[in-house]
Amino acid sequence: MAAVTRGSFTFMRRLQLLAHRYKRCCSRVQTGRPDYTRHPHTVFIPQLCSSRFFHTSYVTSGPILPFKLSDIGEGIMEVTVKEWYVKEGDKVSQFDSICEVQSDKASVTITSRYDGVIKKLYYEVDATALVGTPLVDIETEPGPEVVHEEDVVETPAMSNDEHTHQEIKGHKTQATPAVRRLAMENNIKLSEVVGTGRDGRILKEDILNFLAKQTGAILPPTPFHEIQPPPPAASAPSSASMPKMKPTPSVQLPVVSRPVFTGKDITEPLKGFHKAMVKTMTAALKIPHFGYKDEVDLTRLVQLRKELKGLSEARGVKLSYMPFFIKAASLGLLHFPILNASVDEAVQNITYKASHNIGLAMDTSQGLLVPNVKNVQLLSVFEIAVELNRMQTLGATGQLGTADLTGGTFTLSNIGSIGGTYAKPVILPPEVAIGALGKIQVLPRFNSRDEVVKAHVMNVSWSADHRIIDGATMARFSNLWRDYLENPASMVLDLK
């Protein structure tokens with residue numbers, strides 16, 4: 001009976017409302033008609049039965065808030081957007097992942113601060129986003145006033161242990177980047193800290209209290225500060241008292257499109273000279289290397305070569321500095337024969353070589369090759385130049401034979417022909433010494449009268465097998481070799 005009475009009452013209210021609207025809208029057009037409000041039961045029933053009623057609901061949307069990229073610490077001012085987890089029109093909740101950004105130090109996941117709908121994405125993938133600028137616009141849900149808070153940032157996922165800072169049985173810990181950094185600096189897992197903030201958010205005080213419980217003492221305040229929202233502008237001067245300024249136009253960052261790389265890795269077996277180099281260098285690692293470096297003034301040698309170059313070319317031979325370096329080394333080996341020796345694998349016996357087969361490290365299309373000039377002690381500078389010209393021609397065409405590549409007793413590497421000053425040459429077993437020659441540079445030096453003069457200077461780097469060669473021997477040989485080159489006329493006295 002109560003349900004019937006309530007239904008009749010509702011029906012009568014609708015009839016009276018319709019009659020009132022009808023009278024208001026049609027009184028000027030349809031005159032002389034009876035007052036329908038006095039007979040609602042008899043007049044409006046046919047019209048009511050032929051009409052349809054609609055229920056209209058109005059949806060009010062909340063404010064659209066810009067979601068800004070907050071300070072993620074470490075002094076980072078810009079990041080690269082690597083991946084979007086949402087698109088325009090997606091509905092998100094608090095702490096849902098928005099995007100992943102990459103700084104020069106770490107990869108960070110940005111999570112939502114609001115419940116609502118994504119209305120705009122400000123950046124494309126691989127674009128650069130600046131700290132403090134909006135990442136997305138979020139239309140918040142209607143309800144209580146939305147409070148602007150700091151954006152929530154998840155620390156980068158590195159290992160399984162560190163990942164527990166982010167999720168515990170499917171639930172993400174809530175903390176600002178500043179708090180996360182404080183926990184990381186003190187090696188604290190956020191999963192072990194009980195948050196006292198809103199919705200279980202972990203505050204800085206929670207971290208400090210946790211530290212105090214672990215150490216059993218009250219920690220002094222640290223100079224670490226969380227990022228606080230700006231104070232309300234209650235005391236700011238009124239807009240009327242401030243000069244009007246033109247709005248700064250927003251700068252749209254350019255979108256850089258990365259090229260698509262379609263290359264593929266190629267794997268091939270080591271063979272030929274490369275395979276031999278692996279074997280030789282592996283054996284060389286067993287040798288304790290002793291290094292010695294010095295510089296040589298080649299000013300006089302440069303002048304001598306300049307005088308002899310035309311004469312040598314007239315004989316059809318290109319004269320470089322290398323024949324002089326090789327001949328000076330051979331003259332030095334006559335005084336220090338232990339540098340022209342070899343040792344057996346057990347390092348029980350030393351063999352002093354009678355021939356000075358001095359090798360020259362050569363860069364070829366086949367790789368690093370070390371042919372050697374045989375019996376340098378019997379050759380003149382010009383004859384050495386002839387032999388070097390022959391080997392360089394064969395090396396360029398890949399025709400060096402076994403006889404040229406074996407039997408070496410001492411090696412020089414002219415790395416300076418490519419570039420560089422000093423090097424750390426590696427001994428070629430079974431040899432016991434090697435030298436690396438840097439490029440010739442024109443540098444200021446003092447002469448015997450303390451005058452600054454232009455000098456042609458070259459650096460040399462020696463390596464010796466320290467099992468049988470001491471530093472003094474290597475230094476004395478280097479000094480003698482340098483003297484021959486700084487005073488090339490002195491080589492004439494020892495030439496045979």
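Are Phe336 and Phe477 buried or exposed? Phe336 is buried, and Phe477 is buried too (buried means under 20% relative accessible area, exposed over 50%, and partly exposed in between, with a 1.4 Å probe and protein chains only). Keep in mind that this is a predicted model, where local features need pLDDT of at least 70, side-chain atom pairs count only at pLDDT 80 or more, and totals for chains, interfaces and linings use all residues. Residues are numbered from 1 along each chain as its sequence is written, and side-chain values use heavy atoms, with hydrogens and water left out.

**Aromatic pairs**

- Searching the whole structure turns up 7 aromatic pairs (rings of Phe, Tyr and Trp, the last by its six-membered ring, pair if their centres lie within 6.5 Å; planes under 30 degrees apart count as stacked, over 60 as edge-to-face and the rest as tilted).
- Phe336 and Phe477 form an edge-to-face pair, because their ring centres are 6.4 Å apart and their planes stand at 90°.
- Phe336 lies in the loop between helix H8 (322-335) and strand S13 (341-343), while Phe477 is in helix H11 (residues 471-486), so this pair ties together parts 141 residues apart in sequence (helices, H or I with at least four residues, and strands, E with at least two, are DSSP runs numbered from the N terminus).
- Phe410 and Trp462 make a tilted pair, because their ring centres are 6.3 Å apart with planes at 45°.
- Both Phe410 and Trp462 are buried.

**A cluster of rings**

- Ring pairs join Tyr321, Phe325, Phe336, Phe410, Trp462, Phe477 and Trp481 into a cluster.

**Charges over rings**

- Arg305 lies over the face of Tyr321, 4.5 Å from the ring centre (a charge sits over a ring if NZ of Lys or CZ of Arg is within 6 Å of the ring centre and within 35 degrees of the ring normal).
- Arg315 has its charged end over the ring of Phe382, at 4.9 Å from the centre.
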